[in-house]
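Let's take a friendly walk around a ligand site and a few aromatic rings. Please have the structure open as you read.

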Amino acid sequence: MPEMSDAMSKSHTERFRLEGQRAIITGASSGIGRAIAEEFAADGADVVVCSREQDNVGPVADEINDSDRPGEAVAIECDVTDREAVEALVEATVDEFGGLDVLVNNAGASFMSGFDDISENGWKTIVDINLHGTYHCTQAAGDALAADGGGTVINLSSVAGEQGAPYMSHYGAAKAGVSNLTSTLSAEWADRDIRINCIAPGFVATPGVESQMGVSADNIDREAVERRIGLSEEIADIALFLASPASSYIVGQTITAAGVPRLEETPDI
Ligand SMILES: CCCCCCC/C=C/C(=O)SCCNC(=O)CCNC(=O)[C@H](O)C(C)(C)COP(=O)(O)OP(=O)(O)OC[C@H]1O[C@@H](n2cnc3c(N)ncnc32)[C@H](O)[C@@H]1OP(=O)(O)O
Ligand SMILES: NC(=O)C1=CN([C@@H]2O[C@H](COP(=O)(O)OP(=O)(O)OC[C@H]3O[C@@H](n4cnc5c(N)ncnc54)[C@H](OP(=O)(O)O)[C@@H]3O)[C@@H](O)[C@H]2O)C=CC1
């Protein structure tokens with residue numbers, strides 16, 4: 001009988017835990033990124049939380065550190081479109097925690113507009129944050145992730161990048177790029193033991209979506225199954241799984257998390 005690997009010899013609970021892991025979560029001042037940081041810290045990971053404004057992300061680290069979560073949090077201001085700032089973020093993480101095991105490329109933004117009305121600067125702004133931000137962070141973190149036996153990258157794409165969503169052509173194109181980078185780079189970096197996966201959420205109630213679309217976590221039916229809006233915690237749960245050894249055989253995948261398809265999208269049978 002073949003010997004069990006180290007990972008498989010651990011209990012179910014141990015394989016789902018992030019104890020001792022060191023993670024960077026970009027765009028962690030709000031919404032999905034904040035929920036990921038909180039869940040990772042609750043599961044024992046030390047987290048560096050970043051966003052463009054120290055005043056936005058500092059309170060997230062304070063809240064984690066003041067709670068009974070076992071993981072420690074450090075807040076660092078970093079705009080993911082700024083390569084120097086991203087390199088400083090990775091360096092500061094390694095200095096603070098002694099290494100890096102998990103990178104979550106969560107920072108993202110969009111606005112809704114018909115294609116004809118998207119200016120060149122508007123297009124570049126969205127591609128820059130969502131796609132180039134992921135490029136900068138992943139490239140800057142590669143060596144740190146490869147050290148100490150490898151690491152994990154979790155990207156945030158979108159259903160808009162998988163199936164197309166009207167009035168989001170810039171965002172959908174950028175997120176499709178994120179999804180493709182996930183599969184391409186996971187093959188390229190397999191020999192560095194860096195496992196890369198991606199989550200493509202549907203609509204999730206976050207401050208960003210609320211400001212754009214007026215939907216909030218307070219006015220949804222959490223028990224509903226059919227095409228309800230999602231919660232940040234439901235996306236964070238997937239990130240937790242993808243970061244943990246329990247998902248060790250999932251590589252280069254984009255996992256859609258969008259509830260049940262709308263009835264009108266169901267084909268006739
Ligand atoms: C089945 C489909 C399911 C899909 C689900 C997807 C749901 C959506 C998910 C998300 O959107 S997730 C992220 C949620 N959070 C946000 O979107 C953040 C809110 N937005 C912003 O923070 C900002 O608006 C921005 C998009 C980051 C832009 O801000 P910034 O300060 O960086 O740039 P600006 O100088 O304001 O603008 C740059 C450029 O873009 C043009 N622009 C901005 N908003 C609009 C708009 N509403 N309509 C058209 N154009 C816009 C702006 O005019 C500038 O271009 P120029 O005028 O200089 O040419
Ligand atoms: N909510 C949804 O329905 C969906 C979201 N997604 C994706 O999930 C991710 C999170 O979305 P959501 O939680 O809704 O977004 P929010 O708008 O609620 O939060 C976005 C976060 O990104 C940060 N951020 C924005 N631009 C930058 C930047 N240039 N550098 C660093 N941080 C930045 C913001 O912080 P600050 O302003 O402090 O810089 C904030 O912390 C995004 O990638 C989004 O595209 C995908 C599909 C659906």
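What follows covers the ligand shell and then the aromatic contacts.

This is a predicted model, in which local features need pLDDT of at least 70 and side-chain atom pairs count only at pLDDT 80 or more, while totals for chains, interfaces and linings use all residues. Residues are numbered from 1 along each chain as its sequence is written, ligands are numbered from 1 in the order in which they are written, and side-chain values use heavy atoms, without hydrogens and water.

Ligand 1 is surrounded by 19 residues (a residue counts if one of its heavy atoms lies within 4 Å). The closest are Ser110, Ser119, Asn121, Gly122 and Gln212.

| Residue | Protein atom | Distance |
|---|---|---|
| Ser110 | backbone N or O | 2.8 Å |
| Ser119 | polar side-chain atom | 2.6 Å |
| Asn121 | polar side-chain atom | 2.9 Å |

The protein covers 61% of the 1200 Å² of accessible area that ligand 1 has on its own (Shrake-Rupley method, 1.4 Å probe). Among the elements around ligand 1, α6 gives the most to the shell, with 5 residues (helices are DSSP runs of H or I, at least four residues).

Now to the rings. The whole structure holds 1 aromatic pair (ring centres within 6.5 Å). Phe115 and Trp123 have ring centres 6.2 Å apart and planes at 85 degrees, so the pair is edge-to-face (planes over 60 degrees apart).

The charged end of Arg83 sits over the ring of Tyr135, 5.7 Å from its centre (CZ of Arg within 6 Å of the ring centre and within 35 degrees of the ring normal). Arg192 lies over the face of Trp189, 4.8 Å from the ring centre.

Definitions and conventions:
A polar contact is a pair of N or O atoms within 3.5 Å; within protein, one must be able to donate a hydrogen and the other to accept it, and residues adjacent in sequence count only if both atoms are side-chain atoms. Helices (H or I, at least four residues) and strands (E, at least two) are DSSP runs, numbered from the N terminus. Rings of Phe, Tyr and Trp (its six-membered ring) pair if their centres lie within 6.5 Å; planes under 30 degrees apart count as stacked, over 60 as edge-to-face and the rest as tilted.
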